[in-house]
Amino acid sequence: MSLFKVRDCWSTECGRGTETFGCDGLVVDDLFGAGEDNVILGSLDGVLRVYGMHAAPTAADLHYSPSDLLVEVQTDSPVLQVCTGKFVRSVDSRAERSIRVGSRVLGAKRSCSPNKYIAVLHPFSLVVHGVNRIAGSTDHGDQYVLETMYEHKFERSAYQVIAGPFGGGTGSRDFLCVMSLDGAVSVYEQQAFGFRTALPNYLHPFPMKYVRSADAFITLNADFCLVCYKYQELADPSQKQKCPVWSCTLGETVCDIQTAEITPSATTIHVLGERNYYCFQGNGVLWFTKRLQYTPCCFHPYILGDHSEVKTMCMIVSDTDTVLIYEQTKLRWSAKLFYRPCIIARASFKALQGCLVLLSETGDLRFCYLGTEPMIFMAPERPPEDYKDTKNQLVQLKKELQNMSLRDEADTLPLLKLNTRILSVRSEGPRKLCNVEVDVTPSLAISTVQITFQTITPLVILPKVVHLKDLTETMTIRALAHRDDDDSESVVSSMECTTYAYYSTASDELGVVQQIVRLPLSLAYESHPTPPSDFSWSAKIVVDETPVALRTLFNEFVDSSPSELCFRAIPGFNAKYVWVTAVPAIRSYEIRSSGSEYANVVFEEILFRHKEYYKSKACTVRCDKNEILVAELYRIIEEHVVLKEKLQFVEDETSLLCSQYRVIQKCLFNKLKENTVQSVSGLSILIDDTHESLMEKTSETKLIQKELKVKFSDLLSVTRLLVNMLSLCSKNDTILEEFKETVVYSTENQNWEDIVLQSLSYLIGNKITLNVHNDVPAHLIMSLKTLIDFEIKRITTVNDEVPNKLKIENSRGAVSPIPESEEDFYT
């Protein structure tokens, strides 16, 4: 429990929590000149309320009473903001006057609330009300009646209203200024309309305040600059271009702007930003600034002391429900709040001066004061311990831990069993479809099960995720596997389909089961009668047993007994072929293809089906390590890196064009305010050209992204083929498994080259020193070549034949975090 907490002395809930209040829906002012403040509230649901504190001798006697609610009125529109001031001319109370709204007369009204009136801002109107107090008219005391004095209507959506003695008045009357969402400023001289103007460099509404000592308005423009406009300059219709008196670049958005008067001629301007709190003098000189280490919600500045000892104070509410009180930049107090308020203010009553007024978004209104709440709970004294008994308990606990046996093997078995079946392939037009069925069998009752299918693009399986609940018996799930219709150019790199089952029991016991099956080869390839003569890649698989006849090995493609078989990739828009020959004389399979990236699936199928045919005895399969396609892998890596660099370049150009487009839009918006066709003719041509260039770059980006996706499928297929060939001539299976987990990495959102480079560097350790720049594409490719060559040598040779350390230097510098002079220390 925190020692510093805000103490509650008066609270109520406005609207029983069903209403919503904005950040400008509260104002504190003395409406009747009685020396006590009143709290005026307006909700977004259109309810206007006025509260007044009942008489109490001390702060401890304060509590909410129904008589504290002086006025509660339901209006027709949401209340955006309330403010108080002298908005009606002072007249004799017996004199009657007619009040006109536009061209409509509301009727004869008597003067009421001689000191202050309430201005209520609605989305499309501004209404000024007066509170009339009728003494002793009810059993519980005085009666308060809300009377409408006059109303101004407008067509623009309102954002904020500002009140003050515009034009350098003496304080006997106040005018109203309404700022709309589009930056138009309308000034109303009480019942009469004054003028309307537009703020320059305006795109988004920000808070706006009036500085009485300077007779000027303060706001934030689209460049995140705090600007000050003189009232006389805004009111001058002959001056088209409004220039600020002073400006200050903040570089961040503003949450709120408030002013605090030290004297009628000296005003401080307080600005609450997203990460900073600023205080300016009335002439625009920055007095001080405070960097905030939290996210502010709202604030309230105020002045303490007389003229000789003036203190500038400020209360800031943080996102941790804490109010922090600063004297300039020094933190004087911090206290925990009951909730996170949207408005904080100060009010003075006879029983409590300077109390905090808090209002939440749901209408929780509280009057509080700063105080302490000491912790009443005290920890009991600990009895003296017998260390001999404690030592004996420790010894006994160690014996129990040593004697603990592992759970029975039956307990470790999964509670779920999967049985995946691949059905026959069927054709629907140009598409090949394959049905997949999964039998999910629980050994105990399972509360929730999630079945997930994982394939490598362009193969997809739908639905990808299936959810089951309250599984007590075997259930069959059906899915459909096919090639992605939107990805007709990518290479199929693997036919594996992994089924995952994540389950949880009623006792919150979690588990996962997986099963890997192979989809039919006919989803990706079809037989072709005449093989082409041009093949760019070939390899030979040597077996100890007699090669299996192709009719038996690929019985779904051929009916006769051919010695060779040609496959064509599906779809056949750009026909690519793989030719397989079984040579019993030399006990081998020969594979030729239009490219190495197209051969991996057939290569894997030959290995898998040959081992399945001779599964009754141990069969040996090998290949020549000189046929390993290292050069093909490096070529595809270079092409993949070049495409990524090209995509990054086009995206940077697109970003620059977007920035240029926004600048032209801003200039065009400012020119439109002049209402002349000639002023926007040049900008219209420029924005059309920029839009056309932007569309071209967007189309180019989509094309490169498509090419990059196809090239990554080639890269993934070649890496899998490389690993498969290395497995046939491996001398170190452990290193091979680590290398496989590193390079066979399917990712779409991350950089494959960077991931593989870092992973291989970690696996190799300090056996290789790479003095190259990894951020340069050429150096990145060279580093990958060096590491992959070293790993292949480790896999295909005996450990004694691999050099202990290899050093690769480059004149461009070094990226090794260890200096060369100290690297021997770590070996």
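A salt bridge is a side-chain nitrogen of Lys or Arg within 4 Å of a carboxyl oxygen of Asp or Glu. In this predicted model, Arg622 and Asp544 form such a pair, with their closest N and O atoms 2.7 Å apart.

**Overall architecture**

- The protein chain has ten helices and 46 strands.
- Of the 827 residues in the protein chain, 45% are buried.
- Among contacts in the protein chain with a separation of 6 or more, 59% are between residues 24 or more positions apart.
- The protein chain exposes about 43,000 Å², of which carbon and sulfur atoms supply 50%.

**Salt bridge Arg622–Asp544**

- Arg622 and Asp544 form a salt bridge, and the pair links distant parts of the chain that are 78 residues apart.
- Arg622 belongs to strand β44 (residues 621-622), while Asp544 sits in the loop between β40 (537-543) and α4 (550-553).
- Arg622 is partly exposed at a relative accessible area of 36%, and Asp544 is also partly exposed, at 31%.

**Salt bridge Asp223–Lys666**

- The closest N and O atoms of Asp223 and Lys666 are 3.4 Å apart in their salt bridge.
- This pair links distant parts of the chain, 443 residues apart: Asp223 is in the loop between β17 (216-220) and β18 (225-230), and Lys666 is in helix α6 (residues 630-672).
- Asp223 has a relative accessible area of 40% and is partly exposed; Lys666 is likewise partly exposed, at 24%.

**Salt bridge Glu72–Arg49**

- The side chains of Glu72 and Arg49 meet in a salt bridge with an N to O distance of 3.1 Å.
- Because Glu72 lies in strand β5 (residues 69-74) and Arg49 in strand β4 (residues 47-52), the pair ties together parts that are 23 residues apart in sequence.
- Glu72 counts as partly exposed at 46% relative accessibility, whereas Arg49 is buried, with a relative accessible area of 3%.
- The assignment of Arg49 follows from its 3%, because buried means under 20% relative accessible area.

**Charge networks and patches**

- A network of salt bridges links Glu496, Arg518, Glu556, Glu604, Glu605, Arg609 and Arg720.
- On the surface, Asp688, Asp689, Glu692 and Glu696 gather in a patch of negative charge.

How values were computed
Residues numbered from 1 in each chain as written. Predicted model: local features only at pLDDT ≥ 70, side-chain atom pairs only at ≥ 80, totals over all residues. Heavy atoms only, no water. Patch = residues over 30% accessible without salt bridge, like charges linked within 9 Å, V, L, I, M, F, W, Y side chains within 5 Å. Areas by Shrake-Rupley, 256 points an atom, 1.4 Å probe, with all protein chains shown as cover. Lys, Arg positive; Asp, Glu negative; His and termini not counted. Charge placed at Lys NZ, Arg CZ, Asp CG, Glu CD. Helix = DSSP H or I, 4+ residues; strand = E, 2+ residues; numbered from the N terminus. Buried < 20%, exposed > 50% of the residue type's maximum accessible area, 1.4 Å probe, protein only. Contact = heavy atoms within 4.5 Å.
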